[in-house]
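Dear colleague,

I am handing over the structure shown below for your records. My findings on its side-chain contacts follow it.

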Amino acid sequence: MGGVIRSSMQVGDAIEFVGPGVEGDQTVHIYGRLLAFEEYKLLSYTDHPGPSHHDRHAELESTVTIRLNTVGNCTLLQLVNDQWTDNNPQFEKADQFWWMILSNIKTIAETGKPLDFGYKV
């Protein structure tokens with residue numbers, strides 16, 4: 001969706017999902033700490049909404065774990081989004097957007113190209 005991941009990809013270091021948004025091309029949409037990483041197989045991180053998405057962003061947290069596995073000639077994508085802080089308003093939004101993110105991750109993993117959802121920034 002026009003964004004990038006900024007991180008050293010070292011466990012314990014910061015991770016940010018940055019891209020076009022209300023603060024310009026470098027809007028931080030999600031940030032947190034890297035919990036686990038294995039190239040082309042595993043990405044796990046704490047998830048906070050970016051400052052422009054919620055004024056209580058620092059206290060709103062969940063954990064996201066994405067796994068990719070090859071099954072025959074296909075890619076099995078598994079995602080777990082759990083460990084939500086109490087009364088986290090992002091929980092309701094997760095259902096609205098995860099399907100797009102999952103479809104995009106799977107398509108990039110299989111073809112190297114992102115999907116075009118028609119979002120214009």
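A residue counts as buried under 20% relative accessible area, as exposed over 50%, and as partly exposed in between. Trp84, at 22% relative accessibility, is therefore partly exposed. Please note that the model is predicted.

Aromatic pairs

Two aromatic pairs are present in the structure. In one of them, the ring centres of Phe17 and Tyr45 lie 5.1 Å apart with the planes at 45°, so this pair is tilted. Phe17 belongs to strand β2 (residues 14–21) and Tyr45 to strand β4 (residues 42–49); being 28 residues apart, they link distant parts of the chain. Both Phe17 and Tyr45 are buried.

Trp84 takes part in a pair with Phe91: the ring centres are 5.2 Å apart and the planes stand at 90°, so the arrangement is edge-to-face. Phe91 has a relative accessible area of 47% and is partly exposed.

Salt bridges

The structure also contains two salt bridges. One joins the side chains of Glu16 and Arg6, with an N to O distance of 3.0 Å. Glu16 is partly exposed at 25% relative accessibility, and Arg6 is partly exposed at 36%.

Arg56 and Glu59 form a salt bridge in which the closest N and O atoms are 2.6 Å apart. Arg56 counts as partly exposed at 34% relative accessibility, as does Glu59 at 49%.

With kind regards

Notes:
Residues numbered from 1 in each chain as written. Predicted model: local features only at pLDDT ≥ 70, side-chain atom pairs only at ≥ 80, totals over all residues. Heavy atoms only, no water. Phe/Tyr/Trp six-rings, centres within 6.5 Å; stacked < 30°, edge-to-face > 60°. Helix = DSSP H or I, 4+ residues; strand = E, 2+ residues; numbered from the N terminus. Buried < 20%, exposed > 50% of the residue type's maximum accessible area, 1.4 Å probe, protein only. Salt bridge = Lys/Arg side-chain N within 4 Å of Asp/Glu carboxyl O.
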